[in-house]
Amino acid sequence: NPTTNSDNLTPNDDSSHLKLCYDKLIKKLKINVNNISTKAIGDIGEGIVEDHEQKKLNTFSRYDEEARNLEAKRAIVQTIKNLDKSLDTDKALSALRELMDQWYSIGHVPYKLKDITYREFYDATEEQFDRLNIDKTDRKLESFKTNISDLARSGNAKNQLYHEREKLMRQYDRMKNELQTYENNIGFLSVSSKKGNHLLDDMNSKVEKIKSELQLIIRKIEAVDKEL
């Protein structure tokens, strides 16, 4: 039974990594290399090399795909920046939403560029929203519609859309109860004192904000229903 040195298994540049894989496999299988044949060890080594090479190919393939995704997303951002200024608001919003849909439908980009890529997209869309005088509520709705449209194209879309709708309904009920609490508190506030007036103003401000958010939730639910 010949003794085989695992250091000599592969003489290429990746020998250290392959040796580590080899040693881990031997340890996992509880094999005593002194008790197996040279051919068996060679077969194990070949399997490790093939697995290592396949992993490298998969990694290179993923990097290549992410690079293409990055290029495609940046091309869409440039198109958003150059959106035809002669379009009326409705047509411009429709074109912008379609471009946003396309951007979201593209897969992952290199991880280190993920944040900056999204920031480029966000800044470009915000610039168009500013130009078209779209308020913050409508911007949130447009972004939500884009996400929902992307969700509708994914696997198991109907279940995911129903889940999103249920989440919105829970949010609506919670905020509705919160609104009722504020309105009840307003009824007990004294408006005769300066302190009372200050609290009343604060309560009224919160009530208006909640009402606005409730209207946005209703519009989001309507957007989900259109996709179902």
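Reply: Buried means under 20% relative accessible area, exposed over 50%, and partly exposed in between, with a 1.4 Å probe and protein chains only. This is a predicted model, in which local features need pLDDT of at least 70 and side-chain atom pairs count only at pLDDT 80 or more, while totals for chains, interfaces and linings use all residues. Residues are numbered from 1 along each chain as its sequence is written, and side-chain values use heavy atoms, with hydrogens and water left out.

Me: Is Tyr 118 buried, partly exposed or exposed?
Reply: Tyr 118 lies in helix α4 (residues 114–131), 3 residues from Phe 121; helices here are DSSP runs (H or I, at least four residues), numbered from the N terminus. Phe 121 has 2% relative accessibility and therefore counts as buried. Tyr 118 has 39%, so the class is partly exposed.

Me: Which class of ring pair do Tyr 118 and Phe 121 form?
Reply: Rings of Phe, Tyr and Trp (its six-membered ring) pair if their centres lie within 6.5 Å; planes under 30 degrees apart count as stacked, over 60 as edge-to-face and the rest as tilted. The search of the whole structure finds 6 aromatic pairs. In this one the centres are 6.2 Å apart and the planes at 55°, so the pair is tilted.

Me: Which residue lies over the face of Trp 103?
Reply: Ring pairs link Trp 103 into a cluster with Tyr 104, Tyr 118, Phe 121 and Tyr 122. A charge sits over a ring if NZ of Lys or CZ of Arg is within 6 Å of the ring centre and within 35 degrees of the ring normal. At 3.9 Å from the ring centre of Trp 103, the residue is Lys 73.

Me: How do α3 and α4 run relative to each other, roughly parallel or roughly antiparallel?
Reply: Helix α3 (residues 89–105) and α4 pack with their axes 11 Å apart, at an angle of about 175°. Axes are lines fitted to C-alpha atoms, for helices over the stretch in contact, and angles run from 0 to 180 degrees between N-to-C directions. Angles under 35 degrees count as roughly parallel, over 145 as roughly antiparallel, 65 to 115 as roughly perpendicular and the rest as oblique. The angle therefore makes α3, relative to α4, roughly antiparallel.

Me: Which residues does Thr 125 touch, not counting those up to four places away in sequence?
Reply: Thr 125 lies in helix α4 and, at 4% relative accessibility, counts as buried. Contact means heavy atoms within 4.5 Å. Beyond four places in sequence, Thr 125 touches Ile 80, Leu 96 and Met 100.

How values were computed: Helix = DSSP H or I, 4+ residues; strand = E, 2+ residues; numbered from the N terminus.
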